[in-house]
Amino acid sequence: MLISGIEAPPGAAAAYGVAVRTETLTELVVDGGRIHAERTGPPGADAVLLLHAGVADRRVWDRVVAPLAAAGYDVVRYDMRGYGRSVPATEPHSLVADALAVLDAAGVDAAHFVGLSQGAATGVDTALAHPGRVRSLTLVAPGLTGYEWPRLPGFAGRMAAAEAGDTHGLALEIARLWAPLSFGADAGAGAGAGAGASAGASAGAGGGKGECDAAAKIILDQAEQFMRDELEIEEPSAIGRLGEIGAPTLVVLGDSDVEPITDIGRILTEGIPGARCETLPRADHMLPLRVPEELTRLLLAHVQQRGDG
């Protein structure tokens, strides 16, 4: 591991009026790859580990990092292999092992895990396999290992783009599914409505003047990763073991997300002892960018009322 450089999350200091100092861990070597990780805030303070979705990268947390650091937390985030600044995987690997490798590199024994989608699933998997490393769980628009996913809207469009080798087209269809609010008020109903809808949407997300909002841009930036073979080792199903989780758990949903995410939120809330659920309005799957203030408020209240802040 090599720690080098200082950088701030784009716009964070200006948005929240706080000074942000970020150490960049640029050479975190893991089996078959290298992970880009960052830490922001006072080292040695209570740690928060931010885990991004499988359609995004660490930047999805840009508007959450600064207020967490300003509240006195040591905030650690990273790009999963093949996303953002992390190089693609070259061999099978465990997402749980990678998360723990990042904590080890930061010198953190245990952290508050805050995960979005796949990141939430990794948090749950870590709490089951290594409960001593997880102080609390905040599961945002969560995924869940072992959940049987139905076919999601826009499947035909995504398959057509993938089979045609249309990297940008596939990423655009994925953005329409997971970030419908980037495409206008009626995009939720039309998510994945086919090639015609995608062509029309491109003017608002990556086409036209080349402008799009942060949520869509982050998804589109992962286009190459979406075309690669998945090399993540699947963890054991968590569904039948949720009652074993002792970490205080908060589930946060968006009111404009796809229905299976709401279903997963219900399973987690009912299955994890003491878990509670909050649903935020005006938010799709990309909650940290849609409603960062509301999400941060819930997150801080969750960790602080446990006497950890």
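**Close-ups of a predicted model**

**View A. The largest cavity takes up about 60 Å³.** A cavity here is a set of points on a 1 Å grid over the protein atoms alone where a 1.4 Å probe fits but cannot get out. Its volume is the space filled by probe spheres set on the points, with points joined across faces, edges and corners. The model is predicted, so to speak of a local feature takes a pLDDT of at least 70 and to count a side-chain atom pair takes 80 or more, while totals for chains, interfaces and linings use all residues. Residues are numbered from 1 along each chain as its sequence is written, and side-chain values use heavy atoms, leaving out hydrogens and water. How many cavities of 30 Å³ or more does the structure hold? There is 1.

**View B. Here's who lines that cavity.** Look for Ile-35, Leu-51, Tyr-78, Met-80, Arg-81, Leu-95, Asp-98, Gly-119 and Thr-122 around the largest cavity; a lining residue has an atom within 4 Å of a point. (Ala, Val, Leu, Ile, Met, Phe, Trp, Tyr, Cys and Pro count as nonpolar, Asp, Glu, Lys and Arg as charged, and the others, Gly among them, as polar.)

**View C. α3 meets α4 at roughly 85°.** The two axes come within 9 Å; axes are lines fitted to C-alpha atoms, for helices over the stretch in contact, and angles run from 0 to 180 degrees between N-to-C directions. α3 and α4 are therefore roughly perpendicular to each other, a label for angles of 65 to 115 degrees. Leu-95, Val-96, Ala-99 and Leu-100 of α3 touch Gln-118, Thr-122, Asp-125 and Thr-126 of α4, where contact means heavy atoms within 4.5 Å. That contact splits into 4 nonpolar, 3 polar and 1 charged residues.

**View D. α5 and α6 cross at roughly 160°.** Their axes come within 8 Å. That makes α5 roughly antiparallel to α6, the name for angles over 145 degrees. On the α5 side the contact involves Gly-157, Arg-158, Ala-161 and Ala-162, and on the α6 side Gly-169, Leu-170, Glu-173, Ile-174 and Leu-177. Sort those contact residues and you get 5 nonpolar, 2 polar and 2 charged.

**View E. α2 (residues 62-70) and α13 (residues 292-304) cross at roughly 40°.** The axes of α2 and α13 come within 10 Å. Arg-63, Val-64, Pro-67 and Leu-68 of α2 meet Pro-292, Glu-293, Thr-296, Leu-299 and Leu-300 of α13. This contact has 6 nonpolar, 1 polar and 2 charged residues.

**View F. The largest pocket holds about 1300 Å³ of space.** A pocket is an open set of points with protein on both sides within 12 Å along at least five of seven lines. Of its 35 lining residues, Gly-54, Val-55, Gln-118, Trp-149 and Glu-230 are the closest to the centre. Helices α4 (118-129), α5 (155-163), α6 (167-178) and α10 (223-226) give two or more residues to this lining. The pocket lining divides into 19 nonpolar, 9 polar and 7 charged residues.

Methods
Helices (H or I, at least four residues) and strands (E, at least two) are DSSP runs, numbered from the N terminus. Angles under 35 degrees count as roughly parallel, over 145 as roughly antiparallel, 65 to 115 as roughly perpendicular and the rest as oblique.
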